[in-house]
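Please open the model in your viewer and keep the sequence at hand.

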Amino acid sequence: RLWNPKQIIIADISDFNLEKAKLMCPEAITVNSRRESLEKKVLELTNEIGVDKTFLAFGDEPTITQAMTVTRRAGQVIQHALMEDGIGFCYRLHQQHELDFKAFNMYQRKDFELICEALAAGKMDLSHFVTQRYPIEEFEKAMYMADKRPEPVLKVMMNF
């Protein structure tokens, strides 16, 4: 969003996550890919070309395949999601679309600096990002919420 893309499309299978995304990025087009064909919607929105860049925040085989399918030829797929060993990777699709696939393990200092500058300049509103807060005395409860997600969760914050 900070680089002023022509269009932002956010996909998820959770309406809660999509509602939060829309609050943080009102100009985005949201798609519940459990109820609607993401590929069809992306092709419709991009004149049958596909998106230039796809950012993965969730990692399993169907999601990677879907990301490569909606990314235009010679586009870029950027994976920030943690992946388990043994997840399949669609090499044929990767090669046929001539995609650039980048995987990152953690954010770098420059990423945090970019976000801090954007927040200070009022370019981002993350007030909807933290959905649960717990005092440090409720550490175990907070970890359970973050891990098991018995109710909708984006981020859990501990207050010290």
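Select Arg73 and Glu98, which form a salt bridge in this predicted model. The closest N and O atoms of Arg73 and Glu98 are 3.7 Å apart. Colour the chain by secondary structure: Arg73 belongs to strand β4 (residues 71–79), whereas Glu98 sits in the loop between α4 (91–96) and β5 (100–103). The pair therefore ties together parts that are 25 residues apart in sequence.

Now display the surface around this pair. Is Arg73 buried or exposed? Arg73 counts as exposed because its relative accessibility is 52%, and the cut-off for that class is over 50%. Glu98, at 48% relative accessibility, counts as partly exposed.

Next, select Arg109 and Glu113. Their side chains meet in a salt bridge, with 2.7 Å from N to O. Both residues lie in helix α5 (residues 109–120). With the surface still displayed, Arg109 is exposed, having a relative accessible area of 67%, while Glu113 is partly exposed at 34%.

Move on to helix α2 (residues 38–45) and select Lys41 and Glu44. These two residues form a salt bridge in which the closest N and O atoms are 3.8 Å apart. How far apart are Lys41 and Glu44 in helix α2? They are three residues apart, which means a separation of about one helical turn. The structure holds seven salt bridges, among them Lys41 with Glu44, Arg73 with Glu98 and Arg109 with Glu113.

For the last stop, select Asn32, which is found in strand β2 (residues 29–32). At 7% relative accessibility, Asn32 counts as buried, because that class comprises values under 20%.

Which residues does Asn32 touch, not counting residues up to four places away in sequence? They are Asp12, Ile13, Ser14, Asp15 and Leu18. Show the side chain of Asp15 from this group: a polar contact of 2.9 Å joins the side chains of Asn32 and Asp15. The backbone nitrogen of Arg34 lies 2.9 Å from a polar atom of the Asn32 side chain. With these selections on screen, the side chain of Asn32 can be followed to the side chain of Asp15 and to the backbone of Arg34.

Definitions and conventions: Residues numbered from 1 in each chain as written. Predicted model: local features only at pLDDT ≥ 70, side-chain atom pairs only at ≥ 80, totals over all residues. Heavy atoms only, no water. Helix = DSSP H or I, 4+ residues; strand = E, 2+ residues; numbered from the N terminus. Buried < 20%, exposed > 50% of the residue type's maximum accessible area, 1.4 Å probe, protein only. Polar contact = N/O pair within 3.5 Å; in protein donor to acceptor, adjacent residues only side chain to side chain. Contact = heavy atoms within 4.5 Å. Salt bridge = Lys/Arg side-chain N within 4 Å of Asp/Glu carboxyl O.
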